[in-house]
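I opened the model to look up a few residues and the core. My notes follow the display.

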Amino acid sequence: MTPEEHGNITHVMQSYFDGLYHADSTLLRKVFHPKLAYVCATEGDALYLDLDTYMSRVDQREAPAKRNEHRRDRILEVSIKSPRLAHVSARMTMMDRDYLDVLTLVPYGGEWRVISKVFSYVEKDA
């Protein structure tokens, strides 16, 4: 992986974290592929959404930033598997949950885009 490739993925991830923290669906639509597969893998909360359904949920939520939630997000792993396939693992805390996200990225319109978001969460300790 070249430094440029890593930087491009890191930029996408910063927009991803910013979009989620600010509940900014306009920004998130620049991160996600139009054919996004959104999957919750938490036991008892199976959920499979497309991009438009997920973005409507983002639009309806109160942004963690508006509630002044402490922001904790980080990239655990970036792996470019080929010129057309990348994998990112990330952790974040928001909305009283600790999330583990596994993202698959592919090129779209000359940029990396998240085509699948598979995640799980646990309730944050009080």
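I call a residue buried when its relative accessible area is under 20%, exposed when the value is over 50%, and partly exposed in between. The model is predicted.

**Positive phi**

I looked up N68 first. N68 has a relative accessible area of 68%, so I log it as exposed. It sits in the loop between α3 (51-60) and β3 (72-82). Its phi is near 55°, which is positive, and N68 is not a glycine. Most residues other than glycine have a negative phi.

I then turned to M95. This residue also is not a glycine, and its phi is positive at about 50°. I find M95 in the loop between β4 and β5 (97-108). Its relative accessible area is 24%, so M95 counts as partly exposed.

**T93**

Is T93 buried or exposed? It is buried, because its relative accessible area of 9% falls under the 20% cut-off. I place T93 in strand β4, residues 85-94. Its side chain makes a polar contact with the side chain of D98 at 2.5 Å. The T93 side chain makes another with the side chain of R72, at 2.8 Å. Leaving out residues up to four places away in sequence, I list H70, R72, D98 and K124 as touching T93.

**Core**

I checked the largest nonpolar core, which holds 34 residues. I9, M13, Y16, F32, Y54 and L105 touch the most other members. Helix α1 (residues 3-21) gives the most to this core, with six residues. I followed up F32: beyond four places in sequence, its contacts include Y16, L51, Y54 and M55. F32 also touches R113, V114 and K117.

Key
Residues are numbered from 1 along each chain as its sequence is written. This is a predicted model: local features need pLDDT of at least 70, side-chain atom pairs count only at pLDDT 80 or more; totals for chains, interfaces and linings use all residues. Side-chain values use heavy atoms; hydrogens and water are left out. Helices (H or I, at least four residues) and strands (E, at least two) are DSSP runs, numbered from the N terminus. Buried means under 20% relative accessible area, exposed over 50%, partly exposed in between (1.4 Å probe, protein chains only). A polar contact is a pair of N or O atoms within 3.5 Å; within protein, one must be able to donate a hydrogen and the other to accept it, and residues adjacent in sequence count only if both atoms are side-chain atoms. Contact means heavy atoms within 4.5 Å. A nonpolar core is a set of buried Ala, Val, Leu, Ile, Met, Phe, Trp, Tyr and Cys residues joined through side-chain atoms within 4.5 Å.
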